[in-house]
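Subject: Structure for your review

Dear colleague,

Please find below the structure that I am handing over to you. My findings follow directly after it, and I would be grateful if you read them with the model open.

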Amino acid sequence: MVPKKFFIQTFGCQMNVYDSERIAQLLTSRNFQQVDDPARADLILVNTCSVREKPEKKVYSALGRFRALKRKKPGLQIGVGGCVAQQEGERLLERVPYLDFVLGTKELRRITEFLDPQETCDHRPCATALGGRVDPYQGLPLFPRAGRITAFVSIMQGCDNFCSFCIVPFVRGREVSRASGDILEEIRSLSATGVKEVTLLGQNVNSYGNRGPGEMSFPDLLEAVQQVPGVERIRFTTSHPKDLSPRLIQSFGRLSKLCEHIHLPLQSGSDRVLERMKRGYSREEVGEKVLRLRQACPEISITTDMIVGFPGEEERDFQESLEMIARIQFDDLFSFRYSDRPHTRASSLADKIPEGVKQERLAALQSLQRKITEGKNRAWEGRIVEVLTEGPSKVRGEEKTGRTRTNRIVNFPGPSISPGSLVRVRVEKALAHSLRGELVTE
Ligand code: SAM
Ligand code: SF4
């Protein structure tokens, strides 16, 4: 039988990239074939993000583009998965009349029944049950693609923190940790196909194991992953500052495979705003933890997320955010204009900030960080770094690209270097978003 072809378009965070990968593995195990051209597909899945307003809007324009394909190929099935699917449910089917199905964040496995009309009698199914603390990946087939060097592995799903701006607890459900045995089995199967670097994913990896009786803690899980043969590097994201424990801090520098990088989202440098965000820490506490991280591991690269224009953010609050950025000297940061999200507490706060003010604050914050990042990158000039080669460089195809342990992109000439090789590179030049270097052969 000729295999049916599927195409997945993924929006949003690493968690969505991971979900798309698990859906692809499931479909491949059922004799579907993945294609990278939607025009060749019998099934298109749009995996969506609703964490901010902007990515949510992108979903509708993507669907509009696929509609034209469906006109040419009436048998084409189009589905929406991920956080917008979870948030909108049946409303999506009403709003997008050519949509065939909606697949919520905890119902990934049901995609196969939607594709087989004998298994479902529902004309346009919508599966959006969140189902308590249930691991949505349990029992899904492990069918990793060959040829990858790096991979994401979800270690937990959902979140119990309910930060006042955030939709995640509503679209990903209550926090649940996956069984460590399942995680390790998955990492072993990725390693067997040539994966050298794994990034462990969770909304708050620090609380891994807290919700599963008898399960190991996150630092213990890191130690177990360190033992998996073939894995050369371990990363994780995201680490909530309030739960960053002394033991996790000590794992840096102690576990040889754990890369010297932590993403520690600060969100705001003002205690007043942090309180209203319900983040559970003060600026001083984060400053203190950063100090301890740098004591344990002086090389560590620290990145963060910042939100500007949270309701009620005054100019002095914003200045405190700038002060914290200048004081901590993050290696890099992701910055966002606050947007209202359904169900969240912040969306019902009265004192909203005008878009123009948010835009100005965002520009000021990014300009400050640009200078800091440039300085941080320049400090690497002349130094020799370990690079995990990922493949040809995007800019100059004849060159190779990879990342340092501190998560900086490095491009270098290396015609005979194959993907997956760990090489030593001398950094010659720091650019705004990457480093250029020469291979060190002696
Ligand atoms: N779990 C992570 C943490 O606690 O830091 C955050 C995950 S969230 C999916 C990714 C980032 O999106 C957040 O760190 C925050 O900066 C940003 N974000 C979330 N909700 C937002 C909103 N309503 N408006 C603007 N940015 C938002
Ligand atoms: Fe959202 Fe806060 Fe949970 Fe992060 S910790 S996912 S920001 S609720």
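The shell of residues around ligand 1 in this predicted model is made up of 7 nonpolar, 5 polar and 5 charged residues. In total, 17 residues surround the ligand, and the closest are Arg-52, Gln-203, Gln-267, Asp-305 and Ser-339.

Three of these residues deserve a look at the level of atoms. Arg-52 places a polar side-chain atom 2.8 Å from an oxygen atom of ligand 1. Gln-203 approaches through its backbone, with an N or O atom 2.9 Å from a nitrogen atom of the ligand. Ser-339 also uses a polar backbone atom, which lies 2.8 Å from a nitrogen atom of ligand 1. On its own, ligand 1 has 570 Å² of accessible area, and the protein covers 91% of it. Two elements, β13 and β14, each contribute two or more residues to the shell.

Which residues of α13 are buried? They are Lys-358, Arg-361, Leu-362, Leu-365, Gln-369, Ile-372, Thr-373 and Asn-377. In an α-helix, residues three or four places apart point the same way, because there are 3.6 residues a turn.

Helix α13 has 24 residues (355–378) and, at 1.5 Å a residue, should span 34 Å; its end C-alpha atoms are 34 Å apart, so the two values agree.

With kind regards

Key
Residues are numbered from 1 along each chain as its sequence is written. Chains are lettered from A and ligands numbered from 1 in the order in which they are written. This is a predicted model: local features need pLDDT of at least 70, side-chain atom pairs count only at pLDDT 80 or more; totals for chains, interfaces and linings use all residues. Side-chain values use heavy atoms; hydrogens and water are left out. Helices (H or I, at least four residues) and strands (E, at least two) are DSSP runs, numbered from the N terminus. The expected span of a helix is 1.5 Å times one less than its number of residues. Buried means under 20% relative accessible area, exposed over 50%, partly exposed in between (1.4 Å probe, protein chains only). A residue is near a molecule or strand if one of its heavy atoms lies within 4 Å of it. A polar contact is a pair of N or O atoms within 3.5 Å; within protein, one must be able to donate a hydrogen and the other to accept it, and residues adjacent in sequence count only if both atoms are side-chain atoms. Accessible areas come from the Shrake-Rupley method with a 1.4 Å probe; for residues, only the protein chains shown count as cover. Ala, Val, Leu, Ile, Met, Phe, Trp, Tyr, Cys and Pro count as nonpolar, Asp, Glu, Lys and Arg as charged, and the others, Gly among them, as polar.
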